[in-house]
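The sequence and structure are shown first.

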Amino acid sequence: MAESSAPQGVAEKLISSHLVEGHMTPGEEVSIRIDQTLTQDATGTLVMQELEALGLERVHTELSVQYVDHNLLQTDEKNAEDHAYLHSACRRFGLWYSKPGNGVSHPTHMQRFGEPGKTMIGSDSHTPACGALGMLAIGVGGLEVALAIAGRPLSIRMPEIWGIELVGELPPWCSAKDVILEMLRRHGTKGGTNRILEYHGAGLETLTAMDRHVIANMGAELGATTTVFPADDVVRAFLRSEDREDDFTELVADEGTEYDLTERIDLSEIVPLIAKPSSPGNVVPVSEVAGEPVGQVVIGSSANPGLRDFAIAARMVDGRQTNDAVSFDVNPSSREILSDLTKWGGTFSLIAAGARIHQAGCMGCIGMGQAPAPGTNSLRTFPRNFPGRSGGGADDQVWLCSPETAAASALTGVITDPRELADKLGLEWGDLGLPEHATVNTSMLSEPPSEADARDVELVKGPNISGLPEFDPFPDSLEVPILLKVGDDISTDDISPAGAAALPYRSNIPQLAQFAFVRVDEDYPANAEAIKDQSGHAIVGGGNYGQGSSREHAAICPRYLGLRVVIAKSFARIHWQNLANFGILALEFTDESDYDALEQGATLSFSGLHDALRGGSEVTGSVDGTEYTFRHQLSDRQVSMVLAGGLIREIAESQD
């Protein structure tokens, strides 16, 4: 969509009001002013190290918040070291600090800081959840967040705008999770690539702000750049409940808005859905897999964070005991929501039914606890079920579903359609009688000191806090072995795993690099390190390479081990940008059938790369003497950073 006086949708209004440079034509690079940033502790330590490298004195955004919600299990000193470092860095640079156990970043930010009409980027792929409030919230790599904190705009490829009209009303025992699972059933994990999903239509009136959060959060699983909803009376009511009505600004699509693509969902036709192992796009009706045995049920995460998501589960299990073969786990999404659930009476209902109540945080969603037993079906109200992400083995059996389906299955011990159980037990569907006003408690949010006081703050760095590695410029000629060849849909969890073993090293790149690709090839770190100072290496990938989390560790760790080039059929958006940020050349096959010819162990050669990259979108290389043509989608700006050896090095050289 080109800029014009024509009617505009919510996404166009958000972008045009923050446009710094470029034209709003899909595919063209635009620069957008950023109002807010969000970081969490699994990615924030690198962001703070990047702020150090940039020589930042004070944040330039309207608001930046650091949450501690991922690395909460402290089985040794490493996570505690990270948290001490993050706290000191927030005080030094001027960020808000959300203490451990205060809540998952996305719903907590929405409750306390989200504002209609604002732009936000976060070093977490589920940052788009705040699009529920009428914000332009985009998940990016940590380096983009660091640059935004330092006052630079975000540069991205202008997405297409996908208008999704919602009509009707959800039937009993279906909820917002089933809506986004329906989108994933229709379009898979690549359907939203380079697109913004904008929901509109009369059906929106029936979805609360937290319902919209569920849908916006998991738009990331479609590969979307972000998801936006209008800021309407529903959003006003949410902000009023949080004592923040003064932060409301109406932001709705103009009448007659046209979209690049269109979709229509009749909410009344939605049925309970579930994503089978091991992809969020592997969606079927619950009725199709009913009867499968269940060993674990986990409720919580940023994908189902609202009070009603816990309350409906509590209502369903009230006065009953969950099946004796099921571990029933509850991860509150924020202290505020746990407080309101307790006042309402739901916490007691859950505990009496056998629930294990964990601290407010991401927990099992990032593999920090609650790992399932091998070969045991685990039903979760989470956003992702990539192999091994749960902290279990690569053969884990994680399913994604709504709180209604999860609670029903916890009671029966098998995957159960909640409609069927409701009929059997006489469960009533209707108003849960939830409080209209939230229990607002800001005591676990630490406001930064004044700029004058901040200058005296010393950064606290334990022995597990490493510095950022320094990378050399990209060579003009290259001869490297193809050290690894992988298939389609390789995720950032495959590249740099989550889980309690790896996560404590997120601020220690040399140590974290030893986990790179071990789920694919346990010898990769040793093989890569053996040749990193001699030649480096290349990786060949299939389609949607790098899907999932925004963690830039999935780029920086292989680069530390000598990765120079990745050739794939296609890339996930955030990982593609992260590769460029750290000086790794991302190329695509011009003929996808060439993927079959490039074998692991072959030698990949290029010459005259600098001129080729600056001169057009295609480069020619040879593999064991046979020539192939590859393409890249890098802008001139990105080509420059790759050749410099990464963005930090390029900035440092420009300041010399």
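The text below treats the sheets, the crossovers between strands, and the packing of helices.

The coordinates come from a predicted model.

**The three-stranded sheet**

An open sheet is formed by three strands in the order S1-S2-S8, with antiparallel pairing. From one strand to the next, the twist averages 40°. S1 is joined to strand S2 (residues 29-32) by two bridges, and the two run antiparallel. Within S2, Ser-31 is the bridge partner of Glu-21.

**Parallel strands and their crossovers**

Strand S9 (residues 160-167) pairs with strand S10 (residues 195-200) in the parallel sense, over six bridges. In this pairing, Gly-163 is placed opposite Glu-198 of S10. Together with helix H6 (residues 176-187), S9 and S10 make a right-handed β-α-β unit.

S10 also runs parallel to strand S11 (residues 226-228), to which three bridges join it. Glu-198 has Val-228 as its bridge partner in S11. From S10 the chain passes through H7 to S11, and this β-α-β crossover is right-handed.

Seven strands make up an open sheet with mixed pairing, in the order S14-S13-S19-S18-S15-S16-S17. Its edge strands are strand S14 (283-285) and strand S17 (356-357), each of which pairs on one side only. Strand S13 (residues 273-275) and strand S19 (residues 397-401) pair in the antiparallel sense over two bridges. The bridge partner of Ala-275 in S19 is Leu-400.

H6, the helix of the S9 and S10 unit, lies across S13, S14 and S19 and runs at about 60° to S13. Helix H10 (residues 307-317) also packs on the sheet, where it touches strand S15 (296-300) and strand S16 (327-331). The direction of H10 makes about 135° with that of S15.

| Strand pair | Sense | Bridges |
|---|---|---|
| S1 and S2 | antiparallel | two bridges |
| S9 and S10 | parallel | six bridges |
| S10 and S11 | parallel | three bridges |
| S13 and S19 | antiparallel | two bridges |

**Packing of H7 and H8**

At what angle do helix H7 and helix H8 pack? Helix H7 (residues 209-217) and helix H8 (residues 233-241) pack at about 110°, and their axes are 9 Å apart. That angle makes H7 roughly perpendicular to H8, because angles of 65 to 115 degrees count as roughly perpendicular. On the H7 side the contact is made by Ala-209, Met-210 and Arg-212, and on the H8 side by Val-234, Val-235 and Phe-238. By class, the residues of this contact are five nonpolar, no polar and one charged.

**Helix H13**

Is helix H13 largely enclosed or exposed, and how many of its residues are buried? Nine of the 10 residues of helix H13 (residues 403-412) are buried, so H13 is largely enclosed by the rest of the structure. The buried residues are Pro-403, Glu-404, Thr-405, Ala-406, Ala-407, Ala-408, Ser-409, Ala-410 and Leu-411. After H13 comes Gly-413, which has a positive phi near 85°.

Note on methods. Residues are numbered from 1 along each chain as its sequence is written. This is a predicted model: local features need pLDDT of at least 70, side-chain atom pairs count only at pLDDT 80 or more; totals for chains, interfaces and linings use all residues. Side-chain values use heavy atoms; hydrogens and water are left out. Axes are lines fitted to C-alpha atoms, for helices over the stretch in contact, and angles run from 0 to 180 degrees between N-to-C directions. Helices (H or I, at least four residues) and strands (E, at least two) are DSSP runs, numbered from the N terminus. Angles under 35 degrees count as roughly parallel, over 145 as roughly antiparallel, 65 to 115 as roughly perpendicular and the rest as oblique. Contact means heavy atoms within 4.5 Å. Ala, Val, Leu, Ile, Met, Phe, Trp, Tyr, Cys and Pro count as nonpolar, Asp, Glu, Lys and Arg as charged, and the others, Gly among them, as polar. Two strands pair if DSSP finds at least two bridges between them. A crossover is right-handed if, with the strands pointing away from the viewer, the path from the first strand over the helix to the second runs clockwise. Buried means under 20% relative accessible area, exposed over 50%, partly exposed in between (1.4 Å probe, protein chains only).
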